[in-house]
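Dear colleague,

I am passing a structure on to you, and below it I have set down what I found, in the hope that this helps you find your way around.

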Amino acid sequence: MTLSILSAQPSAPQLPASFPPSPNLSLSPLPSLTCALQCQHFQSCSGCTQELNLHRPIILDDVTDFFNNHGVSDFTFDSCRLWGWRCRAKLAVRGSSNSPLIGLYQENSHNIVDIPHCKAHHPSINATVELLKQGITHLKVEPYDEDQGTGELRYVQMAVTLNNTSLPASQRYRNGKVQVTLVWNSRNENSPSSEKLKALANFLWRNGGPRSNVHLIHSVWANFQTSTNNIIFGNRWRHLLGEIDFWEHVGGIDIALAPSSFGQANTRAFDSLLRKLQKYVPYGAAVADLYAGAGVIGLSLAATRKCRSVKCIEINKEARLSFEKTVGRLPKSIDTTISWHHADTSIGPLSWLMGSDVVVVDPPRKGLDPSLVDALRTLSLAEKRAMLTERSFSKVKNEKRPWILRAREASVQIESKTSPEEGQSLPKTLIYISCGWESFKEDCKSLLSRKEWHLDKAHGFNFFPGTQSIEVLAVFKRGPGAGLKKKKSGKKKKRPL
Ligand SMILES: C[S@@+](CC[C@H](N)C(=O)[O-])C[C@H]1O[C@@H](n2cnc3c(N)ncnc32)[C@H](O)[C@@H]1O
């Protein structure tokens, strides 16, 4: 059978949301082509590397074996939505104004592959890319030329919100609206080419905004970037048109996401992960959310697990505003002490763990910072030291360490009305969310090596169908774990005579 036979199918079939229940992941003998990508850009575009069996990423065998070998025999995998899952995309704009290219780099090159029919993108992203190309040509906008450093439009970020509560839930996905960020090759909005930027934004709004025939666009933003390195965004962001606030609904709460703060690409899969994660957090727990972005995980836990306290640590200061807006929409009944700190988790990590029962880490692909791994591996030592000196944990009030003081100054704090002040405990549960499988394995081995932690549960989520990545949710508990505790000698006790 060839792929062309499949392309005769009217639409790609959907799988049940979660299968199989593991451990050997072989219960569902679906024909592999049923779950084929069927994308005309496959092979020329670097975005996807797996064409068949999208429901079962190749990496899954390794993941299942790894968890089996580390005592988790009930690993589960949620195959999630297989096509149109990407609700957030950053695309390069190259070529010429008459023939713009909007897409990803070819593997190991700086050539851009145009991907107008990408099967991973939410359909509203592809439609907006098409509209943007028309605008570029119509207004003679010059795409960026990397070699010369010339041109006007460098990149575009598109984020889709599925959160239109005026529609029935079944229609929300299809009616997703796009927050467009145009990355403009100038220092700020006062540069000579800014008139063209405004004209392009107006073009998008006129033809894709709420008064157009097809309402696609939620809002238009500009980011200004002139550097010659590969960093996509500059530091200057400007809202141009449409609603300033971009809301999504995940993990039981409304979340605000500014274009400058981190957002998960696969909204629906992220929602499934959050709902699973919530089950591992006891009601009333004190939670530290490290690598928190706009605090989505922590705030979702505050709302659904009635946490005593939630402390979010994030290095990107731009995420603060989104955090504050999300807090503003939390149900008024929530009685949690909530804080967000603009800080680097790798500096003095123990201070962020202190006072929490559960720590959630969601690092970038490269994994945890070594200093945090060290702090987590040696928590018992820290506890013993604190008991001996009775000093280090009481530093909280008389804090002198400059990085902590700086982070406190840049923090947002909402006090609970009834919860007691931060305690001195250290976490007994560690929940690790990973998008980088190789780095996760390394971190996991380090965490287990001193028997300070053992692996309790693990789940996989198909966050990136068609690629070699999956998202992992792993739950660690303090102590060596039942399977690894000292074995009894095997000698039978003598019965009393
Ligand atoms: C994978 S994202 C997760 C964000 C958030 N948990 C979410 O789901 O929306 C990783 C986040 O870690 C932040 N980050 C990276 N290095 C950090 C560090 N050393 N300290 C604190 N945050 C860091 C990034 O800015 C980014 O927001």
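This is a predicted model: local features need pLDDT of at least 70, side-chain atom pairs count only at pLDDT 80 or more; totals for chains, interfaces and linings use all residues.

In general, an α-helix has 3.6 residues a turn, so residues three or four places apart point the same way. H5 itself takes in residues 194-208, and its 15 residues reach 21 Å from the first C-alpha to the last, close to the 21 Å expected.

Helix H6 (residues 267-278) can be read in a similar way: its twelve residues should span 16 Å at 1.5 Å a residue, which agrees with the 17 Å between its end C-alpha atoms. The buried residues of H6 are Thr-267, Ala-269, Phe-270, Ser-272, Leu-273, Leu-274 and Leu-277, and what covers them includes H7 as well as several strands, among them E1 (76-78), E9 (247-250) and E16 (429-434).

Turning to the ligand, 18 residues lie around it, of which Phe-262, Tyr-291, Gly-293, Ile-315 and Thr-345 come nearest. Helix H7 (296-304) and strand E12 (309-314) are the elements that give two or more residues to this shell, whose residues divide into nine nonpolar, five polar and four charged.

Terms used. Residues are numbered from 1 along each chain as its sequence is written. A residue is near a molecule or strand if its C-beta atom, placed from the backbone, lies within 6 Å of it. Helices (H or I, at least four residues) and strands (E, at least two) are DSSP runs, numbered from the N terminus. Ala, Val, Leu, Ile, Met, Phe, Trp, Tyr, Cys and Pro count as nonpolar, Asp, Glu, Lys and Arg as charged, and the others, Gly among them, as polar. The expected span of a helix is 1.5 Å times one less than its number of residues. A residue is buried if 20 or more other C-beta atoms lie within 10 Å of its own, exposed if 12 or fewer, and partly exposed in between; C-beta atoms are placed from the backbone. Two residues are in contact if their C-beta atoms, placed from the backbone, lie within 7 Å.
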